[in-house]
Every structure is written in structure tokens, then in C-alpha cells.
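Please keep the sequence and the three-dimensional view at hand while reading.

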Amino acid sequence: MEQQDLITKDFTIDETIKMHLKETGMWARFLAITGFVFSGLIVVLALFAGAMFEDMMGAAYSSGGSGQGVTVAVVYIILAVVVFFMSLFLFRFGKGMKLAINQTDQEELTKSFLNLKLYHRIVGILTIIYLVIIVFATVIGIVAGMSRF
Amino acid sequence: MENNLYSQEDKLTNVTAIDIEGSIRDTMQSLAQWTKICAISGFVGIGVGILSLGITFSQLSSFGSSMLTSYLLTQLVTFVVSFLINLFLFYFSRNLNRSLDDDDQESFVKASLYLKNYFRMIIIMVIVSVILGLISGGSTASAIFKLL
């Protein structure tokens, strides 16, 4: 009877929601594994791109690459780290969701949603940074274009 | 023994459903807030992308029409898919907020459905991008080997 009251008073995770969340967790895990693979590929690319950039700059200028290849490699590695952590939060969300649904574990569900929040926090912050850069680049471009006339 | 019985009973009462109360509400409220930020900034990003596509389109008018059309088509498909992804995320956020505010079970069902569709759409986009990337990478590599 008490359980019945609880269900009517507060909303719950019923069978339909469980089904949706279980599938969501599965897709999230799949996406996270793809993200892990991508972050590994970016690290490999960082090593090659850095060396290639250094060679190209060395061939073009007598002074050589002067460490620009290292800068390119560092930027790629930072990108790989960001992708890795995003995938990690997503993987934890997917894994936690599976556990929470299978074992009907409230604490695990809270942790799972927390990881999804962290994932979206990173995505949100990165998108805002990207938009700010775009706005600045546009303003600089317009100012540079106007100063020509 | 009494402890064991208690935990067993506790587990049994929770078997049917998980109640959304306490700390999970705060987490979900925060999640709804961040997903809304993501969705709105995503919409703005798509708008900026469309603007820059217009500028690029006017600059690339000297290129061949077939090349330009394929470029434009790829960009438009990307924008449509990105828009749908952000729309699902926005609807998820809105329904989650509504369900938390009004204790509305139906909105929570909708929110979970939108979250599922959001991830499903991202997966489809990732798979299509990987396949297209492999095809274009393969054709570029074969062209390079032919030149050598």
C-alpha cells in the first residue's frame, strides 16, 4: 500500500522508461567506444602530423620548423584528451544505466545521470568556446576588411 | 540476520520501479539545464554554419557546378541532421524539466524517448561519417597510388 502511495505521489521509472533508458545506455556505450577509438587515432595522427608539419616547414624555410610541428602535435593531443574524457563520461553513463536498470539501483542511476550531465557540460562549454572564437574571427575579419578601404 | 532480512525486504519493495526523489532530482535538474544550454548553443552554431555556407557559396561560384552542388548537398544534409540532434536534445531537456516541476510521469516517458532518439541519431551520423570518410579516403589513396 505504501509502495502504491509512493508511485502515485512521485513519478517513477516504470517499464516503458526502463526500456528507453536501457536502449539509450546501449547506444551511449557504443558511442563511447567509438570515441575511445577516435581518441587513440587522434594520438597516432598527432605523432605523424607533428613530424610531417616539421618536415614541410623545414623544406619551405631554411630555419626549419622551429618547433611548430610540436605545437601541432600538442594541439592534437589536447583534442584527443578532451575526446577521451567525453567518451569516458558517456561510457560511465551507459554502464551505470545498465546496472541501475538491471539491479533497480537508485544510487547507480544518480551516478549515471551525473556522468551524462558532465558529458553535456563539456559539450556545452566547448560549443560556447567555438561560438565565441567564430564571433571574434568574424569581427577581426570585418575590421581587417574595412581597414583595407 | 535481521539486517539481511531488512535488506532483502528493502530490495523487494524497490524491484518494481525506481522513485525519482532526493539527490537524483537535483542531478536531473542540472542535467536538464546543461542539455538546454547544449541544444541552444547547437542551434546558434547551425545558424552560424548556414551563414558561413552562404558566404562560401558566393566565393566558390567559379568552381564547377557539379562539385559545388555536391559540396552544398553534403553541408545541407549535415545541417539537417545536426538540427534534428539538437531538437531531440532540446525536447529532452524541456520534457525533463516539466516532469520534475509537475511530477509528470508522461513527460518523463517523452524525455526518455527523446534521449534515446538523440543518441540513435548521433550513432547514425557517426556511422555514415565513418563510411563516407573511408570511401573518400580510399579513393584519395588509390588516386595517389595511380599517380606514383
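A residue is called buried when its relative accessible area is under 20%, exposed when that area is over 50%, and partly exposed in between, with a 1.4 Å probe and the protein chains only. The model is a predicted one, in which local features need pLDDT of at least 70 and side-chain atom pairs count only at pLDDT 80 or more, whereas totals for chains, interfaces and linings use all residues. Residues are numbered from 1 along each chain as its sequence is written, chains are lettered from A and ligands numbered from 1 in the order in which they are written, and side-chain values use heavy atoms, with hydrogens and water left out.

A polar atom of the T35(B) side chain lies 2.9 Å from the backbone oxygen of A32(B). Such a pair is a polar contact, that is, two N or O atoms within 3.5 Å; within protein, one must be able to donate a hydrogen and the other to accept it, and residues adjacent in sequence count only if both atoms are side-chain atoms.

Of the 149 residues in chain A, 36% are buried.

The lengths of two helices can be compared with expectation, the expected span being 1.5 Å times one less than the number of residues. For α3(A), with 36 residues, this gives 52 Å, and the end C-alpha atoms are 52 Å apart, which agrees. At the start of α4(B), a side-chain oxygen of D104(B) reaches to within 3.1 Å of the backbone nitrogen of E106(B).

In chain A, T104(A) lies in the loop between α3 and α4. Phi of T104(A) is positive, near 50°, in a residue other than glycine. With a relative accessibility of 16%, T104(A) counts as buried. In chain B, D103(B) is placed in the loop between α3 and α4, and this residue has a positive phi of about 55° although it is not a glycine. D103(B) is partly exposed, because its relative accessible area is 31%.

Which residues have the most contacts inside the largest nonpolar core? They are F113(A), L96(B), Y118(B) and F119(B), in a core of 41 residues. A nonpolar core is a set of buried Ala, Val, Leu, Ile, Met, Phe, Trp, Tyr and Cys residues joined through side-chain atoms within 4.5 Å. Helices α2, α3 and α4 of chain A and α2, α3 and α4 of chain B each give two or more residues to this core, and the largest share, 9 residues, comes from α4(B).

On a 1 Å grid over the protein atoms alone, a cavity is a set of points where a 1.4 Å probe fits but cannot get out, and a pocket is an open set with protein on both sides within 12 Å along at least five of seven lines; lining residues have an atom within 4 Å of a point. Among the residues lining the largest cavity are F113(A) and L96(B). The largest share of this lining, 4 residues, comes from α4(B).

The largest pocket has a volume of about 1400 Å³. Of the 38 residues that line the largest pocket, the closest to its centre are M86(A), Y119(A), V123(A), I122(B) and M125(B). The greatest contribution to this lining is that of α3(A), with 8 residues.

How values were computed. Points joined across faces, edges and corners; volume = space filled by probe spheres on them.
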